[in-house]
Amino acid sequence: MTALPPPTEALAILARAEAARTRPLESAEAIAEALAVAPDDWQVRLSAYRFYFYSHDHARAKAQAEALIVHAARQLNIATDWRRVQPGDAGFSEFEFGPGLYMQALVALGYCAARLYRDDLAHEVLTKAGELDPTDRFGGLWLLHHLEARDAADDD
């Protein structure tokens, strides 16, 4: 059995963010420090996304989702601009980690855009998520449907 590598400095810093609900200021400091130490570490970015998402800081969560999309795209050897990605570029509806991370980050970007009232971006991103994952395993089409229903109700 292979031993696991020691945790990186950034992951050790993230351990200080465990009590995000009860100690949000300390957690925010740990997240910021981990991002400064390892801005290219996907685990740090994912942790930061989750922290900002659950803190309802959708602008910062959006930035982390964008960084995760670029990271996952590089791992998949596809375009880093999500607008240029095509369904055949990867198995986006499959259970593999890379495409799954990509799709989760893409749907997260769409969700954050909607929460920030950037409906133009939300529609564009979630439409792309539906093109890449027509099975809607990651819920992009579901979110798009609800965004469109909200828009229709607002028009009434």
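Angles under 35 degrees count as roughly parallel, over 145 as roughly antiparallel, 65 to 115 as roughly perpendicular and the rest as oblique. Keep that scale at hand for the first two stops.

**Before you start**

This is a predicted model, in which local features need pLDDT of at least 70 and side-chain atom pairs count only at pLDDT 80 or more, while totals for chains, interfaces and linings use all residues. Numbering starts from 1 along each chain as its sequence is written, and side-chain values use heavy atoms, with hydrogens and water left out.

Helices are DSSP runs (H or I, at least four residues), and strands are too (E, at least two), numbered from the N terminus.

**Stop 1: α2 against α3**

Select residues 24-37 for helix α2 and residues 42-54 for helix α3. Their axes come within 10 Å and cross at roughly 150 degrees. An axis here is a line fitted to C-alpha atoms, for helices over the stretch in contact, and angles run from 0 to 180 degrees between N-to-C directions. The two helices are therefore roughly antiparallel to each other.

Which residues of α2 and α3 make the contact? Contact means heavy atoms within 4.5 Å. On α2, pick Pro-24, Ser-27, Ala-28, Ile-31, Ala-34 and Leu-35. On α3, pick Val-44, Arg-45, Ser-47, Ala-48, Phe-51 and Tyr-52. By class, this contact of α2 with α3 has nine nonpolar, two polar and one charged residues. Ala, Val, Leu, Ile, Met, Phe, Trp, Tyr, Cys and Pro count as nonpolar, Asp, Glu, Lys and Arg as charged, and the others, Gly among them, as polar.

**Stop 2: α3 against α4**

Show the side chains. From α3 come Trp-42, Arg-45, Leu-46, Ala-48, Tyr-49, Tyr-52 and Phe-53. They meet His-58, Arg-60, Ala-61, Gln-64, Ala-65, Ala-67, Leu-68 and His-71 in α4. The contact of α3 with α4 divides into 10 nonpolar, three polar and two charged residues.

**Stop 3: His-58**

Zoom in on His-58, in helix α4. Is His-58 buried or exposed? At 8% relative accessibility, it counts as buried. Buried means under 20% relative accessible area, exposed over 50%, and partly exposed in between (1.4 Å probe, protein chains only).

Leave aside the neighbours within four places in sequence, and His-58 is in contact with Phe-53, Tyr-111, Cys-112, Arg-115 and Leu-116. Then draw a line from His-58 to Leu-35, C-alpha to C-alpha. The two are 17 Å apart in space and 23 residues apart in sequence.

**Stop 4: two loop residues with positive phi**

Select His-56, in the loop between α3 and α4. Its phi is positive, about 65 degrees, although His-56 is not a glycine. His-56 is exposed, with a relative accessible area of 61%.

Next, jump to Asn-77, in the loop between α4 and α5 (97-115). Phi of Asn-77 is near 60 degrees, again a positive value in a residue other than glycine. Asn-77 is exposed too, at 71% relative accessible area.

**Stop 5: salt bridges**

Side chains of opposite charge can pair when their charged atoms come close. How many salt bridges does the structure hold? There are eight. Each is a side-chain nitrogen of Lys or Arg within 4 Å of a carboxyl oxygen of Asp or Glu.

- Glu-66 and Lys-62: a salt bridge of 2.8 Å, N to O. The pair is four residues apart in α4, about one helical turn. Glu-66 is partly exposed at 32%, while Lys-62 is buried at 14%.
- Glu-131 and Lys-128: the closest N and O atoms are 3.4 Å apart. Both lie in helix α6 (residues 119-132), three residues apart, about one turn of the helix. Glu-131 is partly exposed at 42%, but Lys-128 is buried at 7%. A separate network elsewhere in the selection list: salt bridges that share partners join Asp-81, Arg-83 and Glu-124.
- Arg-83 and Asp-81: the closest N and O atoms are 3.5 Å apart. Arg-83 is partly exposed at 43%, and so is Asp-81, at 29%.
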